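Hi there,

Here is the structure I promised to pass on. Have a look at it first, and then read on for what I found in it.

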Amino acid sequence: MQELLKFSALHRYTKALSVALHERDPYTRFHCERVINLATEVGIACKLADRELVLLGVSASFHDVGKIGIPDSVLRKPGKLDADEWEIMKTHSERGERILRATSLPDAPAVANIIRHHHEHFDGSGYPDALSGDGIPLLARILSMADSYDAMATVRAYHRPRTHEEILAAMRAEVGIKFDPSMFAHFEEVIEKSPSRTK
Ligand SMILES: [Fe+2]
């Protein structure tokens with residue numbers, strides 16, 4: 001995947017953006033790298049074309065770039081967010097979309113669209129547009145599973161890292177709610193043999 005990404009002008013030119021985000025929130029650096037790898041593995045299992053794999057990889061790399069615009073009091077809060085803070089945090093997907101679009105590079109609109117929708121839920125309960133089912137871009141549905149798995153596998157201020165079995169149990173409970181059932185079948189197959197699988 002790193003080979004494919006090398007040829008993406010968008011990925012090269014926006015690299016500074018992710019470095020800037022990592023300066024604000026070091027956690028996102030390693031999180032993004034693992035999400036790129038896991039999303040790409042799922043994309044390959046779904047037989048995506050090379051161009052789609054590149055778009056997926058770039059989107060995974062920058063999916064949380066909008067967090068640059070989230071105040072430290074929310075982004076770096078060492079505990080659970082309250083309702084108001086959570087509303088602020090939720091704006092990161094639209095902020096990320098705007099940042100990517102502003103690059104005016106050829107693939108930017110496609111990547112910006114995936115970033116906008118990476119927190120939509122299959123049943124329409126997600127944000128920012130409450131899209132549902134096939135109305136959610138396919139690459140955003142794939143990204144959402146990789147993002148969720150890795151978020152639960154890593155330690156954050158407000159939760160310990162969960163085990164592989166705990167994460168899968170939590171994700172299975174959200175199939176049809178948060179996750180696309182047909183995509184989740186690919187995810188389950190991939191994660192068992194993935195280097196990104198946690199213990
Ligand atoms: Fe996000």
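**What I found**

Of the 199 residues of the protein, 36% count as buried. Please keep in mind that this is a predicted model.

Let me start with the overall fold. The protein has twelve helices and zero strands, so its radius of gyration is a handy check on the packing: the value is 16 Å, close to the 16 Å that the globule rule gives for 199 residues, and the protein is therefore as compact as a globular protein of that length. Along the principal axes, the C-alpha atoms fill a box of roughly 40 × 40 × 30 Å. If we take the contacts with a separation of 6 or more, 68% of them join residues 24 or more positions apart.

Next, the helix I would look at in your viewer: α10, residues 138–153. At 1.5 Å a residue, its 16 residues should span 22 Å, and the end C-alpha atoms are 23 Å apart, which agrees. How much of α10 is buried? Twelve of the 16 residues are, so the helix is mostly covered. Among them are Leu-139, Ile-142, Leu-143, Met-145 and Ala-146, but also Arg-141, Ser-144, Asp-147 and Asp-150. The cover over the buried residues of α10 includes α4 (26–45), α5 (50–62), α9 (108–116), α11 (164–172) and α12 (181–193).

In soluble globular proteins, nonpolar side chains tend to be buried together. Here the largest nonpolar core has 38 residues, and the members that touch the most others are Ala-39, Val-111, Leu-143 and Ala-146. At least two residues of this core come from each of α4, α5, α8 (92–101), α9, α10 and α12. Which helix gives the largest share of this core? It is α10, with eight residues.

Most residues other than glycine have a negative phi, and most peptide bonds are trans.

- The peptide bond from Tyr-127 to Pro-128 is cis, with omega near 10°; Pro-128 sits in the loop between α9 and α10.
- Ala-130 lies in the loop between α9 and α10 and has a positive phi, near 50°. Is Ala-130 buried or exposed? It counts as exposed, because it has 12 C-beta neighbours inside 10 Å and the cut-off for exposed is 12 or fewer.
- Ser-104, in the loop between α8 and α9, has a positive phi of about 60° although it is not a glycine. Ser-104 counts as exposed too, with 8 C-beta neighbours inside 10 Å.

Finally, a look at Leu-17, which is found in helix α3 (residues 15–24). Leu-17 has 18 C-beta neighbours inside 10 Å and so counts as partly exposed. Beyond its neighbours within four places in sequence, Leu-17 is in contact with Phe-62, Val-65 and Ile-99. Its C-alpha atom is separated by 19 Å from that of Asp-147, 130 residues apart along the chain.

Best wishes

Conventions
Residues are numbered from 1 along each chain as its sequence is written. This is a predicted model: local features need pLDDT of at least 70, side-chain atom pairs count only at pLDDT 80 or more; totals for chains, interfaces and linings use all residues. Helices (H or I, at least four residues) and strands (E, at least two) are DSSP runs, numbered from the N terminus. The expected span of a helix is 1.5 Å times one less than its number of residues. A residue is buried if 20 or more other C-beta atoms lie within 10 Å of its own, exposed if 12 or fewer, and partly exposed in between; C-beta atoms are placed from the backbone. Two residues are in contact if their C-beta atoms, placed from the backbone, lie within 7 Å. The radius of gyration is taken over C-alpha atoms; the globule rule is 2.2 Å times the number of residues to the power 0.38. A nonpolar core is a set of buried Ala, Val, Leu, Ile, Met, Phe, Trp, Tyr and Cys residues joined through C-beta atoms within 7 Å.
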